[in-house]
2 protein chains.
Amino acid sequence: MEAVIWKRPCVLALRSCGPFATCGSRGTFGFRNGGRALHRTFILRVINSTGSGAVVARPSSARKYKRSEGVDRKLAALRQLFHKPGLQMDAYIIPSQDPHQSEFIAECFMRRAFISGFTGSAGTAVVTKDKASLWTDGRYFLQAENQLGPDWTLMRAGTPGVPTVSEWLTDVLSPGSKVGIDPFLFSSDAAEELKHTLSTKDHKLIYVYDGNLVDEIWKEDRPKPPAAPVRVHDIKYAGLDVSSKISSLRQNLMEAGATSIVISMLDEIAWLLNLRGNDVAHSPVAYAYLIVELDSTTLFIDPSKITPEVIVHLRNSNVTVKPYESLLLEVERLANCGAKLWLDTSCTNVAIVDAFHSACNKYFENLPKRSKQKSIKERNKLLNAKSIDTEMEGPLAIHKASPVAIAKAIKNGAELDGMRQAHLRDAAALAEFWTWLETKVVQDKTTFTEVEVADKLLEFRSKQAGFLDTSFDTISGSGANGAIIHYRAEPDTCDIVDDKKLYLLDSGGQYVDGTTDVTRTVHLGEPSSREKECFTRVLQGHIALDQAIFPENTPGFVLDVLARSSLWKIGLDYRHGTGHGVGASLNVHEGPQGISYRYENMTGLQGGMIVSNEPGYYEDRSFGIRIENLVIVRDMETPNRFGGNSYLGFEKLTFVPIQSKLLDLSLMSPAEIEWLNNYHSEVWEKVSPLIQGDVHEWLWKNTRPVPVHSTA
Amino acid sequence: MEAVIWKRPCVLALRSCGPFATCGSRGTFGFRNGGRALHRTFILRVINSTGSGAVVARPSSARKYKRSEGVDRKLAALRQLFHKPGLQMDAYIIPSQDPHQSEFIAECFMRRAFISGFTGSAGTAVVTKDKASLWTDGRYFLQAENQLGPDWTLMRAGTPGVPTVSEWLTDVLSPGSKVGIDPFLFSSDAAEELKHTLSTKDHKLIYVYDGNLVDEIWKEDRPKPPAAPVRVHDIKYAGLDVSSKISSLRQNLMEAGATSIVISMLDEIAWLLNLRGNDVAHSPVAYAYLIVELDSTTLFIDPSKITPEVIVHLRNSNVTVKPYESLLLEVERLANCGAKLWLDTSCTNVAIVDAFHSACNKYFENLPKRSKQKSIKERNKLLNAKSIDTEMEGPLAIHKASPVAIAKAIKNGAELDGMRQAHLRDAAALAEFWTWLETKVVQDKTTFTEVEVADKLLEFRSKQAGFLDTSFDTISGSGANGAIIHYRAEPDTCDIVDDKKLYLLDSGGQYVDGTTDVTRTVHLGEPSSREKECFTRVLQGHIALDQAIFPENTPGFVLDVLARSSLWKIGLDYRHGTGHGVGASLNVHEGPQGISYRYENMTGLQGGMIVSNEPGYYEDRSFGIRIENLVIVRDMETPNRFGGNSYLGFEKLTFVPIQSKLLDLSLMSPAEIEWLNNYHSEVWEKVSPLIQGDVHEWLWKNTRPVPVHSTA
């Protein structure tokens, strides 16, 4: 799945964020997520307004869009709530987030879509006493125009002259106004940034704890929170038991002088507890919070999701279960007990952070005067100290990036094996799919819509052992649609796949043992020389990055140029990053590592990380090309180790043929052709045992070596 | 000349600085220069203790080192000055700087060498009432041990456990001590940083304006300040007249809301006024300051340097001349007139910055109370404003990087032509030199010392039209000495150049029309396969960078990986940057651009800039390899211009054969071999008309194409 768009507007609703999103997008919406969430998103699942909480893989054709009705009544109802006792608000912001800054969210959290009628994945709604505005980016201008009612103003984010959310608010509100948010839907960092911006015009940001206002209007129509059962992620795939993982985490806590930590990222909880859920599409996670203390672990989750098997599993790891809703109480209890609480404010919502800070303040207020002064002095000292004295009296908030992100990013042997196995079965499904498509289109002269093709792919994947879900919404783009980087084919409007155009297919699967994400671009007829030149240069970039060897801890952005150089030679480029992290049977986007032209993400690449390698080229209104494999970062055992460094390289996970027809071999060096031939020989060797008949034949034909010519 | 050492300690005395020097070197000496000076240095000219102010190119063999005598008496005399009326100091820091943060300094400024006896190029001396310590880095440990008297302690910077200057000061001084510096020798940023660090232990940094204390001891033995005449840099080389340059600068001032600027970098003054000087070795500059106001320009310089020709030249450009020493008075006058003064605090010494700030404070103190409050309020508002209202009452300091640096970095057509011409004559001199060396060593079986070879090279260069000086001290390193990146051969101790070892020669010339800097590594006998493998990989990196095409404004660090990839493939690397900026008949190191693995320098590459391309590999105690060309950044007229960008690439300036004997052709791709053959064909075409006889023959032999093999 393509990494991140270049200079695209950064929105809360996009959950693109941090390093990837800062450049050229600062403040488009007036505020943005903290750096953390960056890895997690930017394509939201489109709303399925009829679905229940339980998520299964759905064919794309099952999705429907309806123009919302009664928006005006919703707005009026919402505005009435501005005057609830104790509130007196002048505006309310409705972002697209869930309380965990997730990439894919449950339907009960799709409040922005409910209130505005706009169902696109990215957007922020702001309602004042007399105005209602919705910000979204270029992908959704048309859809938003169609879906927004007459009382709404569409704010075309990223267009010259369009204010950001906070610019707009400071403009339309009279000084000293009150702007409300649901504190569960904003990361602490995002809320702080918003608060700061609003304060420049003496506006006040208020946290509405007492229920989300949209929910009060949505009432019984609001989808129930997902209640799908949680399952144990088998130790043969997880590789490390829960006790060992928690023990390492406690080591991190102690080194930082912390006594406890709140984990709120759903994939971190799933990874740490070797659990998988089914609460949202594409990501096998469950809504929950986790508190790990030095001597106890508490999972906050709807108890109805916990099966007997999971009960035993948790008990074996000394994990206590408490209701999801009781988290804040527990956070307050931690403050009262003098906990030194580790909080990752880039992804933890401000409701939690604020609850702890308030409880800390109360703690110190209630102290006898003398010991109070001592404590405050000690506390201030600590804030500047390198190591924290856990003997110090009283609670303390330690704001620091969660240590689970990096622990999760560095896969162990079992996780890597699971990823390898899942990729082979995924490759078999793709071989079957491509055989089917080529036969139908080339031999039978049939055409299909982009949605039909994506549905057929899902059918093939579904037959593979251990298949659970797609890992994101398939991007099925024929011809000019391939040039829309975040293209989403819709049944009513999509193009056909035929033998006249390039066809870009970016898709992935969630398997019990691994997560896949692969893009191939093919032409089922005769590609133009322009298409071949561009495809060849994209492949050259892919090959250059794949072959890179580099010192351990090299930040990903150092390698990004390798994937672009071949395009740059003729003045071409692509407006997205080159690689994102991928979870092991977890989120298809994860951090902290990445490979991008943006220089802010200094995370060094380490052995065991998984990243995508996906350069592309997009010719507006014409065609799109992307070639994506997933790769494992691993030690390369170089003959030298200058500076005592390990030197790392990539091991391929994805084994799907690259269409040789699209190559201009005269542009390629012998070494590049050798890479291609070796890759195809490996594809044949690994995938042919899993397939039969005409698929076998197709794979044979599509993995034959191309001739190495004598000059480059 | 090689760019910058990796993780080498950053010292005031090194004048390495800023982006290049921060990583791994933070605080080794307790303080460092501002970001600006980075481009300017790191190899200081070694002291010639007998020389006069006038500088001519000197053969290396003429340099002498003598163990200083009477150091103790000097120390005692210096300590007595601690108690001068009004001073009462506890310590005095003697850095290696001149008042302009120059790379190469005049002898009268070599105070650290005088007081300590240590003549190495990098070092900082600190004298307290009972201690005297000298910090230097690994290159100079042996030399410092030999040269420092018994009262001095050598601080081996960068060695574990060795404190930085400020760590040491805060340790040995009792709290509340006074540390003195000569404010002319510290950039404002460096002084502020030092002041801040000292203040953590309640020490006070005091600026000793009343003459440098070392000079009071040096007395009449102190070399006179250089008084070499200044000359006009012909418009045919400069390309742009002074009035046009100053007019552009005034445009910059007005855009920033400034009414005046102090320029203190000597190369900026030389460039802006189309003047060249002869005050220091290697850099054709003269000691001066320049103040440009919206309606006047004043050059502060020793009037004896101004020839009648220069007087006319300056008069034509409306430049007034005032004595060098009168600068501070003029700065104070500017404050009194309410000037908005642009100061680049990273390179302007704190004496100047402080003088202006003090005068500003006085200005506001002397205002009637009411108008004072108004002014202060307006001033504070301005500090946060984006544009400055020049109508605001009262003076203002605008701290900002000098606009002259980037203007100077982007060469005009005449400057580029001059550089091209100078490089051809330089190439002819090098062809003569290499012919001589090869004949002597290979045919006549003669050997020479490294110093003798460097002297001979100077002899050949000196014969070329327009030759003025070497552009830095030649690095002539045979065998293991080649692995010492900043090696400096000394007559008494240096190795011989023969046919048994690799020989690295990094040298450059100052010509009337351009500045050169070239490194070649050769073997005059039979290279080992290890040497060939390493040389080939260094060349591959050089070729990859040379061939890069990239969008305009790409920061240099993005390209750095291209020069390293081939080495990384076998686990090798080099501990210096890949490229530095070069002046046009000016300093061999200039900013702001660079190509380095360090990510802090975000300066985008632009057409007209000149950079070096000099990857290397150094095998400790064995051999060193570096291949360096200078290149011009230029538009490449690519068939596409994605995103409306220009795409840039490099045009080679250096035309000196690369020894094919050192290549392992089996490692090279056909494209790489083609690059080499094309380069050599260009060398032959451009340089052969300038040479004759056996040199002609040598060049013919050394530019023959190597065979392109069929696989890579």
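P592(B) lies in strand β24 (residues 590-595) of chain B, where strands (E, at least two residues) and helices (H or I, at least four) are DSSP runs numbered from the N terminus. A cis peptide bond joins G591(B) and P592(B), with omega about 0 degrees. In chain A, the peptide bond from G591(A) to P592(A) is cis too, with omega near 0 degrees, and P592(A) is placed in strand β24 (residues 590-595) of chain A.

A word on conventions before going on. This is a predicted model, in which local features need pLDDT of at least 70 and side-chain atom pairs count only at pLDDT 80 or more, while totals for chains, interfaces and linings use all residues. Residues are numbered from 1 along each chain as its sequence is written, chains are lettered from A and ligands numbered from 1 in the order in which they are written, and side-chain values use heavy atoms, with hydrogens and water left out.

**How the two chains meet**

Let us turn to the interface. Here 39 residues of chain B are in contact with 39 residues of chain A, contact meaning heavy atoms within 4.5 Å. Between them the chains bury about 3000 Å², 65% of it on carbon and sulfur atoms; buried area is the accessible area (1.4 Å probe) that two parts lose on being put together, summed over both. W568(B), Y599(B) and F642(B) supply 23% of the area that chain B buries against chain A, more than any other three residues.

Eight residue pairs, both at pLDDT 80 or more, are in polar contact between chain B and chain A. A polar contact is a pair of N or O atoms within 3.5 Å; within protein, one must be able to donate a hydrogen and the other to accept it, and residues adjacent in sequence count only if both atoms are side-chain atoms. On the side of chain B that touches chain A, β22 (550-551), α19 (556-568), β26 (616-619) and α20 (670-687) of chain B each supply at least two residues. The most comes from α19(B), with seven residues.

How are the two copies related? A rotation of 180 degrees with 0.0 Å of shift along its axis superposes chain B on chain A, at RMSD 0.1 Å, using least squares on the C-alpha atoms of residues with pLDDT of at least 70 in both. The two copies are thus related as by a two-fold rotation axis. The same surface serves both, since 100% of the contact residues of chain B recur in chain A.

**Some individual residues**

The table gives relative accessible areas; buried means under 20%, exposed over 50% and partly exposed in between (1.4 Å probe, protein chains only).

| Residue | Relative accessible area | Class |
|---|---|---|
| T521(B) | 1% | buried |
| N274(B) | 2% | buried |
| Q659(B) | 10% | buried |
| Q464(A) | 15% | buried |
| K219(A) | 56% | exposed |

T521(B) is found in strand β21 (residues 518-523) of chain B. Its side chain reaches the backbone oxygen of R626(B) at 2.9 Å. Beyond its neighbours within four places in sequence, T521(B) is in contact with residues including L502(B), F535(B) and Q659(B). Q659(B) itself sits in the loop between β29 (647-652) and α20 of chain B.

Two residues other than glycine have a positive phi: K219(A), at about 50 degrees, and N274(B), near 50 degrees. K219(A) lies in the loop between α7 (213-218) and β7 (231-232) of chain A, and N274(B) in the loop between α10 (266-273) and β9 (275-276) of chain B.
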